[in-house]
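Please report on a strand pairing and the aromatic contacts in the model below. Keep it brief.

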Amino acid sequence: MTKSALQIARAAYLPKVPAALKSAVKAVDGEYTQSVADQDDIKKLFPNTYGMPVVTFEKSNVVKEMPAMNVGVILSGGQAPGGHNVIAGLFDGIKAHNAASRLYGFILGPGGLVDHKYKELTADIIDEYRNTGGFDMIGSGRTKLELKEQFDKGLEILKELDIKALVIIGGDDSNTNACVLAEYYKSINAGVQVIGCPKTIDGDLKNAQIETSFGFDTACKVYSEVIGNIQRDCNSAQKYWHFIKLMGRSASHIALECALQTQPNICIISEEVEEKNMSLDEIVTYIAEIVAKRAAAGNNFGTVLIPEGLIEFVPAMKRLIAELNDFLAKHDAEFKMIKKSEQRAYIISKLTKENSELYASLPEGVARQLSLDRDPHGNVQVSLIETEKLLSEMVGKKLAEWKNEGKFVGKFSAQHHFFGYEGRCAAPSNYDADYCYSLGYTASCLIAAGKTGYMSSVRNTTAPADQWIAGGIPVTMMMNMERRHGEMKPVIQKALVKLDGAPFKAFAAKRDEWALNTCYVYPGPIQYFGPTEVCDQPTKTLQLEQA
């Protein structure tokens, strides 16, 4: 296989780790825990894994020879930079405990466990993938582990391979499933431990013990580099407004972090839109007013950052989508009989007044997307809506009206971008390479300590790596009950952008200045080699939160 010069150089990088992990460790139990909400319900559902203590690993003078152990690993859900280093850290950790221990990777996600598809991960395979991006070592998948039949089918292959512990690397849903699996295996004395690792570029899997999910740092640096490049171009040509949509359906952490890194003219935060009960028209007016003010100063250019999930946070749009879903589910056959050219008018005539007016105000393309492009359950596919085009089209329309009224004197021309897949499989930054390796090694220590139903945790990561604190947190501690597909289910609580948090406050204090002036910052590409202040910095979000 041909390798680039960077790949060859990165293969030799040795991740920095917490001091405690450089020698024999002992597990120190802390306070006993409870779930973030719905304590009685969660306790009832997880009688064997609820309320366990937070664990911290400290240096030990006693080197204990652990018995050889076979361990399984699964990559679950969307890719995030650093996944291979989690596996490398896990491999090195179990080998440090006993050189005869073996690691098996289940192919293409949790489905590999159920379908008994796996391969043994040997040193030569692991070495091929150290410090690389992607999940291609074993692949990933989105099969949800929820049913007893799946658990039992998985247990057959775990028994056959004599696997005593399973590490699931995934986001909030995957780790919720890992906890359900841990509970079930413990309840039947299956003799299999289950450990989770926090992964998602969206940054919405975090709390007091999990400072950040891995991949967020790298993805935001990749997006910020490209936003910086676009802003250079924007400031050079001085004739376009660039509308840039960024990943983050459930939370706006990526948009906020990229705004803190690049200082765009406008960044919309979904959580603020919901909190202020803003309408689509109010968002459009907010953008249009900034465009008009910049035009009045002779600046007919700028950048707008938009989170992918914005539409679902606009309360009026949420109501419209809910009514559309219900209406089209009930009148599907009738709707399909109507000529395409008349469908829009038909829907407008059938909706309640508020929703009818909003639907009529939407550009043709978006209205069609809402009524035609539906998922197998008959629901609107919100992630397919080109929010960046919707907003720029509506801003253009409003500015044209203002021009006729003499309120707008400039020019408005838009370019559109969506950055998503570009950031998910990048070679991990030094921070993510170090953090992920430490998470994997910590998972091996949790296994050695006999723990199950825990998530690997590495904290204090704004300090130099040898001062990081490795440990584990019971997954039940992060859970609450939420309605999913019509019934209440235990799930890990998503961490949304906190409007009273330091990162948002830092952004809010500066955004008016960034709006009217051209204050662009150009972060450039991820630096792997050089001074630590260039190469090893965590995200602005984490620095502000930990300050």
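## Hairpin and rings

The bridge partner of Met 481 in S15 is Pro 490. Strand S14 (residues 479-484) pairs with strand S15 (residues 487-492) in the antiparallel sense, over 6 bridges. Strands pair if DSSP finds at least two bridges between them; a strand is a DSSP run of E with at least two residues, a helix one of H or I with at least four, numbered from the N terminus. S14 and S15 form a hairpin with 2 residues between them. His 485 in the turn has a positive phi of about 50°.

This is a predicted model: local features need pLDDT of at least 70, side-chain atom pairs pLDDT 80 or more, while totals for chains, interfaces and linings use all residues. Residues are numbered from 1 along each chain as its sequence is written, and side-chain values use heavy atoms, without hydrogens and water.

Asn 480 lies in S14. Asn 480 is buried, at 8% relative accessible area (buried: under 20%; exposed: over 50%; partly exposed in between; 1.4 Å probe, protein chains only).

By the ring rule there are 14 aromatic pairs. Rings of Phe, Tyr and Trp (its six-membered ring) pair with centres within 6.5 Å; planes under 30 degrees apart are stacked, over 60 edge-to-face, the rest tilted. Two of the pairs follow.

| Pair | Centres | Planes | Class |
|---|---|---|---|
| Phe 151 and Tyr 184 | 5.4 Å | 40° | tilted |
| Tyr 184 and Tyr 185 | 6.0 Å | 45° | tilted |

Phe 151 and Tyr 184 are buried. Tyr 185 is buried too.
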